[in-house]
Amino acid sequence: MVPEHDADAIVVGAGPGGSAAAYHLARHGAQVLLLEKSQFPREKVCGDGLTPRSVAQLIRMGVDLDDPGWVRNEGLRVIGGGVRMELKWPELASFPEFGLTRTRHDFDDILAQRAVSAGADLRTGHTVTGPILDDQSGRVMGVTVKADGELREFRAPVVIAADGVSGRLPLALGLTKRDDRPLGVAVRRYYRSPVKHQDNYLESWLELRSSSRPEVLLPGYGWIFGMGDGRVNVGLGILNSSGAFGKTDYRRLLVDWLGATPADWGLGEEENAEGSIKGAALPMGFNRVPHYTRGVMLVGDTGGMVNPFNGEGIAYAMESGEIAAEVVNQALARRNPAEVERALQQYPQLLKARFGGYFRLGGIFVKLIGYPPVMRAATRHGLPHPMLMRFVLKLMANLTDPRGGDAMDRLINGMVRVAPAV
């Protein structure tokens, strides 16, 4: 007897990963239930900067990037070691030559509506409280949900967990985070800045100076991203390879650094701030596995898919969502339960093939820059060399052509291939 299903697949969480999964499932004819605990629009802690890798995924979802609110940029400006260098995004066949900024306040809503337009059934205000387990096999058959003060059950043969860093659904299945993988913490705030809000480059600070003691280097790295609406998104991040991780008041650190920026930027003035300083964890390098078990697939931050090199998570959430959708669509076409399970089990292997070697390199990078002498040497001796920095940009942003490409592409792709997958 086949139990009655409410959908072909249930997607938990309508962030970038969940909405991408729902979109790619629905546009191939699957009946998708997309459950989101919040109401749109809603705020999320993020840098709001999108590299060409993220832009490519937006294009694949049919997002109109000429609509108001999207702000394009040409590349990355790197500041550190007394050097200020502007690096254009590489010209590639595989990725567009521009990045974007857009606040998460409406970014996630746009992606969720793309999923709806493809046929997904979006239910906001639906908080998933736990999995429904088959008594005999322990397989997940659906989820329990709280909505409008009532508990409900929804059932489907496959559940995609895209419920973010907290990962309450995988935690209920005993899938905890791995301590041996990189982890970051980031804080950010919006400021009104007539000077910096219109910027053709994303800006990355590799050295942060204290406003009270300019000779002191603060831990972490910073960013300033122009939002084009009179505001900038300003933030900083610290990795768990740093001695300051878990021992620092990150909010006070952000204010201290911004006080050292030029006065005409307006970032050192509390009166220019909009909202409070908010923080979030950055789960990196597949820090929650397995990515498939017992009928549940992990997507995006839920599976620890933030890039260890640069803290980017949106691109990898959307890509993993698309991969999950492709696997589920293949599985749904099969009638034999053993064949369905065989199809679903290829999901972790596809993720490893796409990101495993690259994340392994990122883990090594995180450990190296955790040593201050290594970071100082890299900043002072690497930044003055434009060709080297173009290579570093391609590596850290994961922007290469997989076939052909230039010598830099071939070297980076070769490094990724030989690195053992995490």
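Colleague: In this predicted model, is Glu270 buried or exposed?
Modeller: The relative accessibility of Glu270 is 52%. Exposed residues are those over 50%, so Glu270 counts as exposed.

Colleague: Which residue does the side chain of Glu270 meet in a salt bridge?
Modeller: The N to O distance of this salt bridge is 2.7 Å. The pair links distant parts of the chain, with Glu270 in the loop between helix H5 (250-258) and strand E19 (273-283) and its partner in strand E13 (residues 183-192), 81 residues apart. The partner of Glu270 is Arg189.

Colleague: Is Arg189 buried or exposed?
Modeller: Arg189 has a relative accessibility of 8%. Buried means under 20%, and Arg189 therefore counts as buried.

Colleague: How many residues apart are Arg139 and Glu341?
Modeller: These two residues form a salt bridge whose closest N and O atoms are 2.6 Å apart. Arg139 lies in the loop between strand E9 (127-133) and strand E10 (140-147), and Glu341 lies in helix H7 (residues 337-344). The bridge thus links distant parts of the chain, and the separation is 202 residues.

Colleague: Which residue forms a salt bridge with Asp409?
Modeller: The closest N and O atoms of the pair are 2.6 Å apart. Asp409 belongs to helix H11 (residues 407-418) and its partner to helix H10 (residues 386-397), 15 residues apart. Both residues are buried, and the partner of Asp409 is Lys394.

Colleague: How many salt bridges does a search of the whole structure find?
Modeller: Salt bridges also link Arg77, Arg84, Glu86, Lys196, Asp199 and Glu203 in a network. For the whole structure, the number of salt bridges found is 28.

Colleague: Is helix H2 parallel, perpendicular or oblique to helix H6?
Modeller: Helix H2 (residues 52-60) and helix H6 (residues 314-332) pack with their axes 8 Å apart and at an angle of about 40 degrees. Roughly parallel pairs have angles under 35 degrees, and roughly perpendicular pairs 65 to 115. H2 passes H6 in a left-handed crossing. By its angle, H2 is oblique to H6, at about 40 degrees, and the term asked for is therefore oblique.

Colleague: What is the relative accessible area of Arg294?
Modeller: Arg294 is found in the loop between E20 and strand E21 (296-298). Although not a glycine, Arg294 has a positive phi of about 55 degrees. Arg294 is partly exposed, and its relative accessible area is 32%.

Colleague: Which residue is joined to Pro290 by a cis peptide bond?
Modeller: Pro290 is placed in the loop between E19 and strand E20 (292-293). The omega of this bond is about 0 degrees, and the residue joined to Pro290 is Val289.

Colleague: How much accessible area do Ile364, Leu368, Tyr371 and Val374 have together?
Modeller: Tyr371 lies in the loop between helix H8 (347-369) and helix H9 (372-382), and is exposed at a relative accessible area of 53%. The four residues form a nonpolar patch on the surface, and their accessible area together is about 380 Å².

Note on methods. Residues numbered from 1 in each chain as written. Predicted model: local features only at pLDDT ≥ 70, side-chain atom pairs only at ≥ 80, totals over all residues. Heavy atoms only, no water. Patch = residues over 30% accessible without salt bridge, like charges linked within 9 Å, V, L, I, M, F, W, Y side chains within 5 Å. Areas by Shrake-Rupley, 256 points an atom, 1.4 Å probe, with all protein chains shown as cover. Helix = DSSP H or I, 4+ residues; strand = E, 2+ residues; numbered from the N terminus. Buried < 20%, exposed > 50% of the residue type's maximum accessible area, 1.4 Å probe, protein only. Axes fitted to C-alpha atoms, helices over the stretch in contact; angles between N-to-C directions. Parallel < 35°, antiparallel > 145°, perpendicular 65-115°, else oblique. Left-handed = near helix turned anticlockwise from the far one by under 90°.
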